[in-house]
Amino acid sequence: MDELRRAAGRAADLMADHFGHIREEPVWRPVPAEDRLWLTAQRLPETGRALDELVEDVRSRVMRHPMGNGHPRFFGWVNSPPSPAGVLVEPLAAALNPSCAGGEHAGPLLERTVVRWLADLVGYPHPPGGGLLTSGASMATIVCLAAARQRAALQDGWDAREEGLSGRPPLVLYVSAEGHSCLRKAAELLGLGSRQVRTVPVDAAYRMDVGTLRSMIAEDVAAGLRPFCVAASAGTVNTGAVDPLDEIADVAAENRLWFHIDGAYGAFGVLAAGAAPCYAGMDRADSLALDPHKWLGVPVGCGCALLRDPASARAAFSLVPAYLHDENADELGWFSEYGPEQTRPFRALKAWATMSHLGRQGVGRLVNHTAGLARTLAAMVDDSGDFELLAPVTTSITAFRYRPAPEITGDRLDALNRAVPAAVQRRGGAFITGTRLGTDDALRACFLHPATTEDDLAVLLAEIRAAAREIGW
Ligand SMILES: Cc1ncc(COP(=O)(O)O)c(C=O)c1O
């Protein structure tokens with residue numbers, strides 16, 4: 001154990017150095033050929049190596065090539081820096097190495113608290129057992145849509161688990177044009193077929209058009225199909241838009257639809273000052289997917305599926321063979337009865353540590369700070385003369401584009417904004433990603449880092465200008 005103690009001390013130093021010096025490093029840099037070769041093509045050693053040597057390899061070959069999301073000027077996709085408290089306890093979770101499928105030990109018991117805290121933070125009802133941690137929101141979505149699918153089948157007098165879907169009226173899922181791809185992936189995986197996924201158009205603010213949702217449902221009913229679920233977004237990945245949740249809840253209730261909300265990124269936005277009205281109706285959902293590994297900064301991966309009626313997920317997944325029967329289980333049973341995973345990692349520890357360290361007030365400060373940065377960047381864009389804002393700011397994402405001269409329009413403007421993200425990334429001064437909004441190529445900056453400052457926003461705009469010049473614009 002002395003070897004482990006010594007190497008762990010060195011690893012702790014590396015961790016602290018990494019956090020301490022991250023601002024001085026490039027946000028991201030390409031991996032040089034030699035390190036790429038080491039990372040991708042090394043041979044399995046014939047004989048084992050000392051722990052000290054492994055830590056040295058991690059220092060020199062691994063930690064030099066981060067994705068970049070720990071840096072305060074990383075604004076790509078939806079990837080937060082890790083919370084120090086979460087990082088601190090990760091090795092301890094690994095030291096215990098439980099399977100949190102269920103049973104009487106710290107992991108599953110602490111998961112009950114973490115799920116309740118998450119529901120409480122975002123104001124979602126929490127019946128006992130009303131949720132579980134997952135690898136991320138994609139898996140949470142699979143859990144929720146599987147529960148929705150089975151509920152619809154049972155309502156109609158059949159069992160989707162036993163019979164499969166063939167020979168039954170196709171189940172139809174409604175998703176907005178801005179809904180995340182994980183919704184369609186889940187629908188495909190669950191055998192619904194992407195042909196039965198309706199894409200509901202969005203309004204000028206990129207929110208689901210509820211009038212069109214209503215008419216699409218009516219058309220599908222008239223055609224003999226079975227609308228079964230509408231999936232709204234509380235924070236889209238492109239612009240951070242929050243759908244009109246209350247109105248969608250009404251439509252769901254009127255049409256016997258399961259009301260799912262993808263709050264993977266944006267559910268925590270409800271904590272921003274003045275944001276609550278925008279989230280009205282979130283507490284009416286049958287299920288809410290959210291990602292502690294996004295805005296909260298719990299180290300990856302930690303998603304969560306919250307369910308209004310936990311029995312619905314259990315009806316979709318519970319399968320307890322004799323070798324898993326637990327005489328001591330309480331009435332909620334095991335977590336593995338509520339989702340597809342059997343052996344489950346100890347995700348609760350890093351989520352508990354992160355939320356305990358921040359406290360409710362700390363989460364509120366983080367959300368308000370980052371939401372404020374998005375609004376500030378929007379104002380800077382509006383004042384700039386060479387950038388254009390492309391969507392209202394609702395959460396902590398600013399969607400915009402670069403237009404250095406008014407005569408740059410159409411395909412040329414799209415080509416410029418398509419090329420900019422990679423050029424900015426290569427320079428290493430900031431990290432931004434692009435997307436397509438309607439018919440336009442766009443840039444989007446997502447703010448999740450507690451240490452990002454307004455000066456960093458000025459650097460971002462300067463980096464975009466410099467990168468565009470570098471690639472000939
Ligand atoms: C809005 C939204 N929904 C769902 C997901 C998928 O979540 P995960 O990557 O945790 O599976 C993401 C990921 O970025 C997202 O931003």
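Is Trp77 buried, exposed or partly exposed? Here are some notes to read beside the model.

1. **Before you start.** This is a predicted model, in which local features need pLDDT of at least 70 and side-chain atom pairs count only at pLDDT 80 or more, while totals for chains, interfaces and linings use all residues. Residues are numbered from 1 along each chain as its sequence is written, and side-chain values use heavy atoms, with hydrogens and water left out.

2. **Trp77.** With a relative accessible area of 42%, Trp77 is partly exposed. (Buried means under 20% relative accessible area, exposed over 50%, and partly exposed in between, using a 1.4 Å probe and protein chains only.) Look for Trp77 in the loop between helix H3 (51–62) and helix H4 (84–96). Helices (H or I, at least four residues) and strands (E, at least two) are DSSP runs, numbered from the N terminus. Trp77 is not a glycine, yet its phi is positive, at about 35°.

3. **Arg256.** Here is another positive phi in a residue other than glycine: that of Arg256 is near 55°. Arg256 sits in the loop between helix H10 (245–254) and strand S5 (258–263), and is partly exposed at 45% relative accessibility.

4. **The nonpolar cores.** A nonpolar core is a set of buried Ala, Val, Leu, Ile, Met, Phe, Trp, Tyr and Cys residues joined through side-chain atoms within 4.5 Å. The largest one has 63 residues, and Val122, Phe259 and Met282 touch the most other members. Helix H12 (residues 347–384) gives the most to this core, with eight residues. A second, separate core has 32 residues, including Val143, Leu145, Ala186 and Leu332.

5. **Phe259 and Ala232.** Contact means heavy atoms within 4.5 Å. Leaving aside neighbours within four places in sequence, Phe259 is in contact with residues including Val230, Ala232, Leu245 and Ile248. Ala232 belongs to strand S4 (residues 226–233) and is buried, with a relative accessible area of 0%. With its neighbours within four places in sequence again left aside, the contacts of Ala232 include Met208, Phe259, His260 and Asp262.

6. **The ligand.** How many residues surround the ligand? There are 13, and the closest are Ala137, Ser138, Asp262, Asp291 and His293. (A residue is near a molecule or strand if one of its heavy atoms lies within 4 Å of it.) An N or O atom in the side chain of Ser138 is 2.5 Å from an oxygen atom of the ligand. For a polar side-chain atom of Lys294, the distance to a ligand oxygen is 3.1 Å.

7. **Asp291.** This residue is worth a second look. A polar side-chain atom of Asp291 lies 2.6 Å from an oxygen atom of the ligand, and its side chain also reaches the backbone nitrogen of Ala137 at 2.9 Å. Asp291 is buried, with a relative accessible area of 0%. You will find Asp291 in the loop between strand S6 (287–290) and strand S7 (303–307). Gly301 is in the loop between S6 and S7 too, and the peptide bond from Val300 to Gly301 is cis, with omega near 0°.

8. **Cysteines.** A disulfide is a pair of cysteine sulfur atoms within 2.5 Å. By this rule the count is zero. For Cys182, the nearest cysteine sulfur is that of Cys144, 9.9 Å away.

Terms used
Polar contact = N/O pair within 3.5 Å; in protein donor to acceptor, adjacent residues only side chain to side chain.
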